[in-house]
Amino acid sequence: MSDRAPAATLSRTAAVIPAAGRGVRLGPGAPKALRTLNGTPMLVHAVRSMAASRAVSLVVVVAPPDGAAEVRSLLDAYPLTGHDRAELLVVPGGESRQESVRRGLAALPDDVTTVLVHDAARPLVPVETVDSVISAVRAGAPAVVPALPLADTVKEVDPRTGAAAGEPEPVVGTPERALLRAVQTPQGFDRRTLDAAHEKFAAFATEGEGATDDAGLVERLGAPVVVVPGHEEAFKVTRPLDLVLAEAVLARRRANDGF
């Protein structure tokens with residue numbers, strides 16, 4: 001299978017999935033995106049969740065810098081079928097998530113005008129959420145994020161770090177919960193807006209992990225970002241308990257929908 005996107009003349013939507021991280025919070029072993037759910041790597045589930053949208057014609061997976069061939073082989077072992085036959089590219093990523101997303105954007109052909117950026121660690125996002133984000137971008141929003149209201153009260157604290165790490169942290173404020181949202185992915189963008197944000201703030205990529213939220217870069221650019229309803233099944237798998245929950249979601253889907 002070729003890693004070169006075919007030329008086309010119509011405007012298209014593509015999804016970029018950065019999958020170069022190791023996922024240390026899940027413990028030692030394979031990178032997070034390669035951990036399995038129901039015997040299938042999370043990355044494959046994430047690719048399928050993007051390709052399930054009929055609006056998505058291209059999925060770009062950004063692999064670890066030295067692991068593009070391995071990821072390509074993995075994805076070839078789980079080919080897309082049926083209506084989700086999107087074109088699939090694999091490109092090597094960078095040392096930070098931000099740099100990896102930028103490399104994914106650079107791999108997109110010119111006819112792509114709407115871009116989704118999706119976490120490989122959110123393998124179970126429903127297609128309705130994907131379509132909702134795309135529709136909002138196509139309706140004119142430069143940047144769109146799916147999000148859920150918070151169920152818990154949130155406290156702002158004065159963090160204790162260094163030698164004081166682990167000590168009680170003083171509370172300095174309680175944000176109004178009704179004004180807050182827990183953001184998910186895929187985040188959707190007008191491609192020109194996202195390209196401009198990554199170009200202007202490329203220096204952030206060398207600062208620790210760089211930007212971990214592409215909508216945040218667009219905010220810094222001064223462009224508007226809007227929120228659409230997210231979904232409880234679009235949670236991020238970061239800890240072992242999340243794997244248990246994800247397996248339960250898959251079991252329910254198989255029972256209800258023959259997923």
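Q: What does "buried" mean, in terms of relative accessible area?
A: A buried residue has under 20% relative accessible area, an exposed one has over 50%, and partly exposed is in between (1.4 Å probe, protein chains only).

Q: OK, and how many residues of the protein are we talking about, and what share is buried?
A: The protein has 259 residues, and 47% of them are buried.

Q: Where do these values come from?
A: This is a predicted model, with local features needing pLDDT of at least 70 and side-chain atom pairs pLDDT 80 or more, while totals for chains, interfaces and linings use all residues. Numbering starts from 1 along each chain as its sequence is written, and side-chain values use heavy atoms, leaving out hydrogens and water.

Q: Fine. How many helices and strands does the protein have?
A: There are 7 helices and 12 strands. Both are DSSP runs numbered from the N terminus: helices are H or I with at least four residues, strands are E with at least two.

Q: Which residues of α1 are buried?
A: Met42, Leu43, Val44, His45, Ala46 and Val47 are on the list, along with Ser49, Met50 and Ala51.

Q: Switching to Val59. Where is Val59 found?
A: Val59 sits in strand β4, which covers residues 56–63.

Q: Is Val59 buried or exposed?
A: Buried, because the relative accessible area of Val59 is 0%.

Q: So what does Val59 touch?
A: Leaving aside residues up to four places away in sequence, Val59 touches Ala15, Ile17, Val47, Met50, Ala51, Ala86, Glu87, Leu88 and Leu89. Touching, or contact, means heavy atoms within 4.5 Å. Val47, Met50 and Ala51 are among the buried residues of α1 too.

Q: And how far apart are the C-alpha atoms of Val59 and Gly104?
A: They are separated by 9.6 Å, although Val59 and Gly104 are 45 residues apart along the chain.

Q: What share of the protein's contacts links residues 24 or more positions apart?
A: Taking the contacts with a separation of 6 or more, 74% are between residues 24 or more positions apart.

Q: New topic, helix packing. How do α3 and α5 pack?
A: Helix α3 (residues 97–106) and helix α5 (residues 191–200) pack at about 135°, and their axes are 11 Å apart. That makes α3 oblique to α5. Under 35 degrees counts as roughly parallel, over 145 as roughly antiparallel, 65 to 115 as roughly perpendicular, and the rest as oblique. The axes are lines fitted to C-alpha atoms, for helices over the stretch in contact, and angles run from 0 to 180 degrees between N-to-C directions.

Q: Which residues of α3 and α5 meet?
A: From α3 there are Gln98, Val101, Arg102 and Leu105, and they meet Arg191, Leu194, Asp195, His198 and Glu199 of α5.

Q: What about α5 and α6?
A: Helix α6 is residues 214–221; the α5 and α6 axes come within 9 Å and cross at roughly 80°. That makes the two helices roughly perpendicular. On the α5 side, the contact uses Thr193, Leu194, Ala196, Ala197, His198 and Lys200, and on the α6 side Asp214, Leu217, Val218 and Leu221.
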